[in-house]
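Visitor: I would like to learn how to read a few features of a fold with care. Please take me through them one at a time.

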Amino acid sequence: MRRKLFAAVLAVAATAALTACGSGDDPNVLKIGTEGTYSPFSFQDGGKLTGYDIDVAEAVAGKLGRTVEFVQAPWDSLFAGLESKRFDLVANQVSVNPERSQKYSLSQPYTTSDGVIVTKSDNSAITGLPNLPGKTCAQSVTSNWNKVAEGAGCKVEGVPGFVEAITLLKQGRVDATVNDNLAYNEYVKTKNDTSVKIAGKTGETTKQAFAARKDDQALTDQINKALDELRADGTLAKISDKYFGVDVSK
């Protein structure tokens with residue numbers, strides 16, 4: 001009898017402990033994973049996390065009546081963090097493609113951009129995707145642009161992000177990097193760097209969205225409603241103009 005009573009007490013205690021652990025999650029807080037190193041979308045400015053994706057995410061959270069807690073992580077680990085429930089959402093220019101749409105619950109797009117091939121300014125051998133076979137491209141291996149580079153026949157050198165790709169490019173360790181025209185334009189504007197150029201376009205227009213877990217469609221539905229409202233009241237256009245001078249949210 002004592003053994004049964006003791007086992008019952010342990011069971012109740014274990015249940016209480018599990019409940020206590022779970023109750024630490026505040027439903028009013030929206031945890032969002034982001035790089036924090038991808039200007040102008042998610043980056044540090046004077047020790048403060050800022051950027052286009054950050055502003056849009058905060059505006060969305062405001063519509064949902066929730067506060068935001070950003071969790072910074074390298075791009076290649078953001079989706080692992082999402083799947084392990086370290087955060088509820090990824091806000092880091094997640095390009096919409098069939099593979100991601102099947103694996104994650106993606107919101108409606110809030111950015112539209114074009115793919116470009118970036119080389120050193122004195123490189124005249126690369127003008128488009130047909131010139132990439134046999135060349136080496138610096139890419140984040142889990143990014144949409146990595147697939148474009150690999151699909152064009154470029155050998156990929158894996159890097160954490162765009163800044164590292166540009167560094168390898170300027171050092172002459174790679175021939176090119178394929179990325180977003182908005183990221184390139186911001187880099188050149190901020191750094192006033194004339195040593196790199198857009199050598200060609202990929203011919204692809206991509207759309208970027210928030211990514212939630214596949215089983216969290218309810219959150220995605222709420223985000224879509226918030227994005228509709230932010231687009232209608234001009235907030236998205238205002239945030240876009242702040243960072244790009246044009247409306248890239250359409």
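Visitor: How many disulfides does a search of the whole structure find?

Guide: This is a predicted model, in which local features need pLDDT of at least 70, side-chain atom pairs count only at pLDDT 80 or more, and totals for chains, interfaces and linings use all residues. Residues are numbered from 1 along each chain as its sequence is written, and side-chain values use heavy atoms, with hydrogens and water left out. Taking a disulfide as a pair of cysteine sulfur atoms within 2.5 Å, the search finds one. It joins cysteine 137 to cysteine 154, with an S to S distance of 2.2 Å, and the torsion about the S-S bond is about 95°, so the disulfide is right-handed.

Visitor: Is cysteine 154 buried or exposed?

Guide: Buried means under 20% relative accessible area, exposed over 50% and partly exposed in between (1.4 Å probe, protein chains only). Cysteine 154 is buried, at 5%, and cysteine 137 is buried too, at 0%.

Visitor: Which residues of helix H8 are buried, and why do they line one face?

Guide: An α-helix has 3.6 residues a turn, so residues three or four places apart point the same way. Helices (H or I, at least four residues) and strands (E, at least two) are DSSP runs, numbered from the N terminus. In H8, Leu219, Thr220, Ile223, Asn224, Ala226, Leu227 and Leu230 are buried. Seen down the axis of H8, they fall within an arc of 165° (taken from the directions from the helix axis to the C-beta atoms), so they line one face. The face turned away from that buried side carries the exposed residues Lys225 and Ala232.
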